[in-house]
Amino acid sequence: MSEHVESRRAFTRHALQSLTAVALLEGLAAGRLFGADVQPVVDKWLDDLNTISRDVRDHKVKDVEFTKSLEALYRRADLNTLLKNLDFDRIAKGVTYPAHGAKSLPVDFKNVEGLSTNAVFGRQIFAMKQGRSVVPHGHDNMATGFLVLKGNLRGRHYDRVEDHKDHYIIKPTIDRSFTPGEFSTVTDHHDNVHWFTAESETAFIFNIHVNDTNPENPKPPGRVYVDPMGEKLAGGLIKAQKVTYGKINQMYG
Ligand SMILES: [Fe+2]
């Protein structure tokens with residue numbers, strides 16, 4: 001659950017306390033987002049998502065295979081139907097946008113049979129105002145995927161080439177505009193650092209993350225905040241200093 005500034009435990013507690021605050025996929029499961037005729041498709045989608053998440057957490061598949069499967073699922077998601085049926089105005093009205101950074105909104109699955117108790121993946125929606133960011137960060141032992149729900153964002157990604165005590169050596173991989181329905185994924189092995197900045201008035205990103213996805217990484221799952229605008233090195237590499245959340249939020253939030 002570490003795809004968030006709070007500690008894993010605190011985030012879990014917060015998410016449990018806020019289960020009904022925003023219920024994108026609860027509504028989806030209840031048929032408000034998809035009609036009854038496509039409900040089985042939605043159930044299947046969530047079931048498939050849980051299956052691939054379990055497989056990577058149990059180390060039956062590699063994290064890079066998981067992200068390929070996650071991308072296939074994101075590609076399959078009927079975002080137009082979802083957006084048409086989702087009352088985004090109501091959701092946006094309920095969001096207290098932070099002055100810096102992005103707001104993490106919990107997503108519940110309590111109306112999806114079985115999922116509320118056995119979902120392997122963490123999930124949330126990031127909401128932010130224009131110019132604000134999901135601040136740059138890398139990840140340890142996590143696989144995660146972002147799907148743009150609404151708005152346009154600049155999405156910057158970097159491979160983590162080296163991991164040192166106080167910095168990463170990173171290499172830019174993706175820097176482009178992301179529009180609704182577009183997505184990207186992250187693992188220990190590719191595009192480990194990401195950074196999304198809202199270019200529209202508001203922007204919403206759906207996030208899935210699974211912990212303990214890399215048996216070769218002894219570190220506990222979590223975010224690592226780094227400054228990707230650091231010293232430029234030979235070969236297009238960048239020295240990205242590790243910093244605190246407070247600092248990175250002040251710099252880029
Ligand atoms: Fe992330």
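This is a predicted model: local features need pLDDT of at least 70, side-chain atom pairs count only at pLDDT 80 or more; totals for chains, interfaces and linings use all residues.
Local features are reported where pLDDT is at least 70 and side-chain atom pairs at pLDDT 80 or more, whereas totals for chains, interfaces and linings use all residues. Residues are numbered from 1 along each chain as its sequence is written.

The protein contains eight helices and eleven strands, taken as DSSP runs (H or I, at least four residues, for helices; E, at least two, for strands) and numbered from the N terminus. Of its 253 residues, 43% are buried, that is, have 20 or more other C-beta atoms, placed from the backbone, within 10 Å of their own.

An open antiparallel sheet is formed by five strands in the order β1-β2-β9-β4-β7; strands count as paired if DSSP finds at least two bridges between them. Because β1 (103-106) and β7 (183-186) stand at the edges with a single partner strand each, one side of each lacks a neighbour in the sheet. The twist from one strand to the next averages 25°, with axes fitted as lines to C-alpha atoms and angles running from 0 to 180 degrees between N-to-C directions. Strands β4 (residues 142-150) and β9 (residues 202-211) are antiparallel and joined by eight bridges; alanine 143 has valine 210 of β9 as its bridge partner.

The largest nonpolar core comprises 47 residues, and Ile125, Leu147 and Ile205 have the most contacts inside it. Such a core is a set of buried Ala, Val, Leu, Ile, Met, Phe, Trp, Tyr and Cys residues joined through C-beta atoms within 7 Å. Beyond its neighbours within four places in sequence, isoleucine 205 is in contact with residues including Ile125, Phe146, Leu147 and Phe196, contact meaning C-beta atoms, placed from the backbone, within 7 Å.

Definitions and conventions:
A residue is buried if 20 or more other C-beta atoms lie within 10 Å of its own, exposed if 12 or fewer, and partly exposed in between; C-beta atoms are placed from the backbone. Two residues are in contact if their C-beta atoms, placed from the backbone, lie within 7 Å.
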